[in-house]
Structure formats: structure tokens, C-alpha cells
Amino acid sequence: MSDTITITTKKDWTSDQEVRWCPGCGDYGILQAVQMLMPELGIARENTVFVSGIGCSSRFPYYMNTYGMHSIHGRAPAIATGIAVARPDLDVWVVTGDGDGLSIGGNHLIHALRRNVNLTILMFNNRIYGLTKGQYSPTSEVGKVTKSTPMGSIDPPFNPLAVALGAEASFVARTHDLDRKHMMEVFRQAHAHRGASFVEILQNCNVFNDGAFTDITGRESRPEMLIDLKHGEPVRFGKDNQHGVVMGPDGQLRIVEVADVGDDALLIHDAHRADPSLAFALARLSTDDHSPTPFGVFRSVERPDYGSGVAQQLLASSAKKGPSDLKALLRSNGSWQV
Amino acid sequence: MGRLFLVKGGQVPMTDIIEHTESKHSEPKHSESLTRVVIRFAGDSGDGMQLTGDRFTSTSALFGNDLSTLPEYPAEIRAPAGTVHGVSSFQVQISDHDITTPGDAPSVLVVMNPAALKADLSRLEPGGMLIINSDTFTERDLDKAGYTENPLENDSLNGYRTVLVPMTSLTKEATVPLGVKPRDADRSKNFFALGLISWLYSRPTESTFAWIDEKFSNELVRTANKAAFTAGFNFGETTELLDHRYEIEPAHMPSGEYTNITGNTALAWGIVAAGQLAHLPVFLGSYPITPASDILHELAKHKHFGIRTVQAEDEIAAAGLALGAAFAGHLGVTTTSGPGLALKSETISLALSLELPMLIVDIQRGGPSTGLPTKTEAADLNIAMFGRHGESPLPIVAAYSPAQCFDAAIEAVRIALKYRTPVILLSDGYLANGSEPWLLPDPAALPDISVEFATEMNHIDDDGNPEFWPYLRNPETLARPWAIPGTPGLMHRVGGLEKEDGSGNINYTPENHSKMIHLRAAKVAGIANDIPDATIVGDEDADLCIVGWGSTWAAIDAAVQRSRRRGTKVAWVHLTHINPLPKNLGAVLKRFQKVIVPELNLGQMTRIIRSEFLIDAKVVTKVAGLPFTALELEGAIIEALQDPPTAGDPGVVASSVLVSGDSEQQGAAQ
């Protein structure tokens, strides 16, 4: 293992493999943001591992000049847990999608979050199955007409952030593929967080679900539709910061005009709150892609990470039982001489 | 035969400790010497029969007998008390000579309630001794067991030496005066039975007392158990029902240090040892499943060996954790039983495609589906061999005795590491829970199975620059380099998509796919050059050869020995490497007119041998959740030799052991 970190550039983090997403895919922007961020993180390529499942997003590791594994549909969080727990010295990233992470691999995702494994999980949410050519996904809206739902989907969708928060995730954030600066800042914080970080990235699939997020992430719509969460600051948005979020006496969050309620009535975002209910309420503030939607870091709290816990038990066991001794182990249930 | 003894509880003089008893009886009862005995303890699941059997086994092991055990218990943690499906039993054979099986029919059956009598009487040998806790033969318990008539009061037990002992009331008499509540006293009655059998077979008692002290933290429980044990022991000495006791001398075993070990413990320790011998940290990903969970429990105790154990969210994740750990440079292991192996299939395929080492342990149980979780079977050979999509061969190692699980684990890991491949290690419920004395190996004499990680570039690109090719193979083993994260310069990506040989880049071309399929197959097939040849036990010039694999070893060993003592010529080859098979196996088997394969399935290995070697091998099959008895296989040998020549016979079944619950004797080969 190398101790010294050499200065790297985006090129150093880019593999020699040709990128094979469809032209115009939102994934390009995310890859660009990650490759640009990596040199800034002060980490070594050889100590970095990208693990993915199956799906368009899961081709990601091939394009990073790091260690990487393109694994099995849905299983990336489990495989990455093995890597991260075996080797707490590594930076382990998981790249997944809405189908990979929330459908076939839902169980592994929630357990990686529950255990707080030291992983940075990037979930590309395009609300569609792209690689299998356009079936509805667990985040597709009710009524979605696809090849597998010609009369419209009747499945209520998952809210990825609410799922993550329900699984006790210690870091939960949302960003989108059209704002590289925002992505880089969210990824930076996610990486800095010790434990499981979950980032939902709204990502456009221009072939099978084009424009799904245009109403909120389009350049013109952003000011009135993106609520940029900043820890310790009032939650407000709009061209002139004229809108805000308040918590009603019933505990519900509501969007209001600041002029109507006054600055002091606005909700102050607290990402470090131990209780996840505020983050949960923010995650559920918008239930569609056509109304104001919070972005940024919803929750970031300290919690012991799983790999460190495992390592500590190994040390404690060694301290208590001394060095490993195979000869003694074989006699530990009693023995006799013949 | 058919002598029926009856004792009334109050008539038996009770004494406190054994020494007093012995001093009171100036002439201790005389002893008869036996070469071996098979004892079966049977009772309700709540009666502590496994504990009783385990303890009797340990005492006998420490005394120096050779032994072999067969625990049997229901899948339900507490099946309805007193019913036949709640019966839990423990059979042990102890001897003064080398034995391999827990014995066919027990010569002594201890039954704690009517249900146990009903469930297990058919196993007892004719004329065998039946020791019954008579207190439990009440109308209610008889009814629960499904008896319409009290078997103690009719002639159904004629033909056995029946000893009726009111164990419950005698245990109460011994323990209640010491302050034990009558209800709690009932729980110590298994110690009364243990004491009685310990007397009957002249077992030393010190180690049992020491064990009770260690095992039970509650002082009153310790007191009660010791008092019950003593009462049982003294009962044997004083009762007129038993006129003498038996002795079984220590066995003449090779000198050295021994421990008594179950298959699951041996397998877990084999994994610990393999990690040490490979100089790699062990990483176990596992999900609880009977009968494999004990390996997880055991490995979880040994964290000071640097062993990480993670109880995963499911079987799939357990395999994924092991594979991730292997990618990161650990010895990745996952343990399971049949249903779990089915779930791990996709991850094993990925490991095979990534060409990373990984150990998958399958403790087989009765299937399909949930099947018989606590009973043994060896019917996962097909899924181990063929249970993956695509062309996906992998090495398979099969353990054959409880203690040998240790060596089998090390061998499976050796192959996995050297050839960078997932390896399936097959054990089964019988090996897992059965135990035998084990001559402890010298750790210094165990093989070095260490491998080296890649540290250097291994290829020059078109521009003359050094680069790393993750699929550039060792020409001898065809194994690829294992370059682990943290190694500067060797960053690379692997995945489930077909990759180009050498560079490892994604490659979908027809030529490359064909090449990779053949390379992966050749790599596994080539392991045949690195495993021992098949060797013949018995008569090289026999007409008949038995091919065994897995836990059938014990019964085949006993059956071959007995047949040869009777003058029947028979040869035997036992397979430890299932895939690839020893490279001389075909040639060896073709020397024999007849080949039979005893299997606890319907002929899975038989079909492999037939298709591999075009040999007319026939299966001797048993699928009853139980191991073969030696008698069954002796019968199969006789039948096979009597058979007219098999030319033209399209069937694969030589004989089929059908187990009938009502038969006096477990059926011989039929």
C-alpha cells in the first residue's frame, strides 16, 4: 500500500475504456463530476474501489481508473460490504440505479445503510429500466405507461430518500445530473462522511424516460423548483428567495410565501439532528417531479460504522485471548493421550 | 427373553455419593467385558437427550474408547411435548477397537417416555436391553404417543430385556431434599439416566462432575444434576434388576493426543487452520441455516485469529460478502445448506467468472425445499456440479468423516487459492453433528497453502509501456493474478461480462467467448493433475468395486471389512475430490466387472461415473434422512455379487434401501 498521495488530475482517474452510454445520457454528467472530484479528495487511486450491480449506471466502474467490480444485479451493497469490512483502509463507492438498488437489491441496500458500512452509495434515479429497454421501475410514478405496463403502472413508487431514512441511514442527500457543482459538493460531503452515505441523483434517461425531471431540474425551472438545503439556514427558495418552508402545528411541512409568515417562521434545516423525522418530512415534501423539491444534504449524523466495529472486536478478542495459537485451539475441547 | 422387571421407587436405597455406595457393598457386582456396544438415548426434545449423549460420548472418549455418534433431533425447537415427532435421540457406538460408524442397531435403548419407545423400538436389536423411565407411562403420555394400550402391560416388549426404572420419581427423591423444587427436579432426570448408563458401562465419573460444574452456572441446578447422576449411578449398583455391569477397554489406537470432535467443529477449525496456512485473514459471510449454523457460531468465537464473521441479511448477501472480501485479499468463505446454496448460485457464477478464490461450504440436509432440516442426505451433488447458469464448472471436495472435515476444508481452500476459483465443499448433517476421536495433527506438519498477490505490471502495451493484465494466466495452473486493492499501479476492473483473455477488457467476440469458456473448463479439469490418484481398499482382484463419496465412508468401511472377514472379495474406492475426479479413476473402475455406488440420493454420483467413463455403475440408494447402516451395505454387496451379469440392463439401480417404520429391523437392502 502506498502512503504518499501523489497529485492527480481528472485524466489519472479516467480509465482507457470507451464510455458506452447512449449519447445524451445523464450518466455522462455524473461520471464527469466524479472524475473531476476525485483529484480533490486527496485519496490514492489504488485505495479506491468502485462496485456496481447491473444496469446502465452500473457500467460506471469500467470508466474509473481505480479498482472496480461490475457485479450482479442488486448485489453491489453486499459485495461492497465485504470489501469495506475486510479493508477499512479502502475508499469504497457503490454505483447503483433505481431498479438495481431499490428493486432487486432492496434488501442489501437497506442492510448496508442499517449497519452503517463505510460506503459512498450513488443511486442514479431515472425512474425507468433503461438497459432492458424501458420497463417501469420501483420509482416510476403511478400510471406510467411502459412496455410492461401498457395500461399504466399501478405500483405506488418508492421515495428513495424515505427508504434510506427508514433504514436509519446516517447520511442522506439528493442532487441531479444537470448541476455538476452541486453534485461535486454533495459527493464531497458524502465521501467525507464515515459510515454509509446515500446519495440519490436524479438522472435523465433521454431514450426511455426523457424529460422526467425537466420541470424541476431544467435550467429555467430550477429557481422556483429546487429547494437547496443548507445546514443551519432557513429553508427558502425562489427567484427572489420569496418562498419558504414552515412546520405547521401538526408537524407537517408546508410551502409558504415568506412575506406571509415572516423570516422567523421559516424552518431551519438541521442535518445533524439525531431524530430523522425532520429529514423524513423534507424527503416527502414533494411527491412528484412537478413541484418544489428539496436538494442537498438531508441528514448527516455520526454513528459508529460497521467495519470499525468489526475491527474493534478483533482487537478486543486478541487483547483478551492473546495471539492466535492453532495448537491450543485444537485442544480447546479437551484432549487425551493414547 | 421377555423378562420384565418392575421396581417400585420407594424400595431403592438412596445414598449421597458413589464412594459411600461402593464402601457399603463389600462385593461390587462383577463385570463382563465387551468389545463394543451401541447405546441409544431417546426422549422428548425437552428431555436433554443430546446433552446426555454428548456427555456419555465425552466420558468414553476421555476413557480411550473409539467411538462414533449419530444425533437425531426434530426440526421443531419444541415440538408438542410427548408426541412421536418431538422425539430426540442420540446414538453412540463405543468400542475397544477401530470403528467408523455409530452402529447399526443399538443393543441398549434408553427411553424417557412412551413416544420415544414408539419412535425408536424398531431400531433396537432383537434381545437388546430396553431401559424405560416407567413414570412417564401414564394414560395421558401414552395417548400423546398414540398408544391405545400400555406396551408395558402387554406382550409387545417380549423379545427384549426390559428394565423399568421410575426415573422421574427417583430423581425427585434424590433432589427435592436438597432444596430443589419438584417441578425443577424433573429436568434432572436425564442425569439420572446418564448416571445409570455410566454405571452399567463402568464409565469414570470425575470428568462428568467437573463438566457439570463448568456447564451450569446456577448452583441449585448443579447440585440437582449431580445428585440425579449419583442417584442413577447408585441405582445401578444397588438394584437387583441389573446383576452385573460391563466394561469396554480403551481402544488400541495409534499413540498420540486425541480430542473428540464433530464434523462442523472440525470444518470450522479447518477453515481457521487454512487461513493460518495461507497467511490470509478469514472472512466468513453466513446466514443461519440448519445444520450449518454451528460453523458460523464456532468461527465467531475465534476473532483473535483475525477471523471476521458477518451474519448477513440473507444467503445471497452472505456469498456476496465473501466474494467482496476475496476481491479485497481475504480468504472469503460462506457456509450454508441446500436451500442456501440455491440462493448463492448467481454469486458463485460471478466468482467463477471473476476467477477469484472463494470457499462455499454446503452441509447437506434432506431436500428438496425445506425438506428435512435436521436429517442427513447427500443429494446436493447435482446442484454443486451443475446448479449454475452457463458453462460453469468448479472444483468440488467432499468430506468423509467428522474429523476429516478438518483436512477437507484445508484441501478445498488450497485448490481455491491456487487456482483462483470458487470451490464447493460438501459435508452433510450426519458428519456435521456426528463425532469421533481425532488424532490431533501437528500444526507444523500441515501443508503450506500460501499464494502471492500480484505486485508488478505483467504486460507491455503497444506503445511499449508496462501495464497490468488481470487475466494473464499462469501457464501451468491457468490461474490469473490476484491483484488486491491497495496495490499501486495495478488498478483494474473485473465484472460478470465476458472479458478478453489476458487484458480482461469486456469482449463479446465469438472467438474470445469460446476461448474463455474452454479456458475456465481446462483450468478446473487440470486440477486432476494436482490431486491424489484413486486408490483401492480391499481386494484388487475382486469382481465388485464399491465407489463411495462423502459420509457413506463409515458404513462402507464397516461393510467391506465384514464382507472380507466372511471371505467375500470386494474392492472399494472412496472419492474425496468430486470435481475433477482423480485422473486414474476410469482406468481403475474398468478393471472390475461390477461397480456399485452407495449414495444418500437417487444416484447422482452414479450418473456422473456412467457418463464420464461409460461404466455400468449402479446405485445403492437410500433417501430416508439417515446414513446407511453397515448391514444394509453388506446386503447390497451380497446382492450385487449374486446379480446375473448386467449387460443389456438399462437400469441404474442396484438396490434401494427402503426404511419401514414398522419393521422389526431397519430393512436390509431390498
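Between chain B and chain A, 28 residue pairs are in polar contact, with both residues at pLDDT 80 or more; a polar contact is a pair of N or O atoms within 3.5 Å, where within protein one must be able to donate a hydrogen and the other to accept it, and residues adjacent in sequence count only if both atoms are side-chain atoms. This is a predicted model, in which local features need pLDDT of at least 70, side-chain atom pairs count only at pLDDT 80 or more, and totals for chains, interfaces and linings use all residues. Residues are numbered from 1 along each chain as its sequence is written, and side-chain values use heavy atoms, leaving out hydrogens and water.

Which parts of chain B do the touching? The largest share, eight residues, comes from α12(B).

Now for the overall extent. In total, 68 residues of chain B are in contact (heavy atoms within 4.5 Å) with 58 residues of chain A.

There are two salt bridges between the chains, each a side-chain nitrogen of Lys or Arg within 4 Å of a carboxyl oxygen of Asp or Glu. One of them pairs A:Arg331 with B:Glu257, at 2.8 Å from N to O.

Finally, look at the strands: β2 (residues 67–70) of chain A runs parallel to β20(B), joined by three bridges; strands pair if DSSP finds at least two bridges between them. Here A:Gly68 stands opposite B:Arg493.

Methods:
Chains are lettered from A and ligands numbered from 1 in the order in which they are written. Helices (H or I, at least four residues) and strands (E, at least two) are DSSP runs, numbered from the N terminus.
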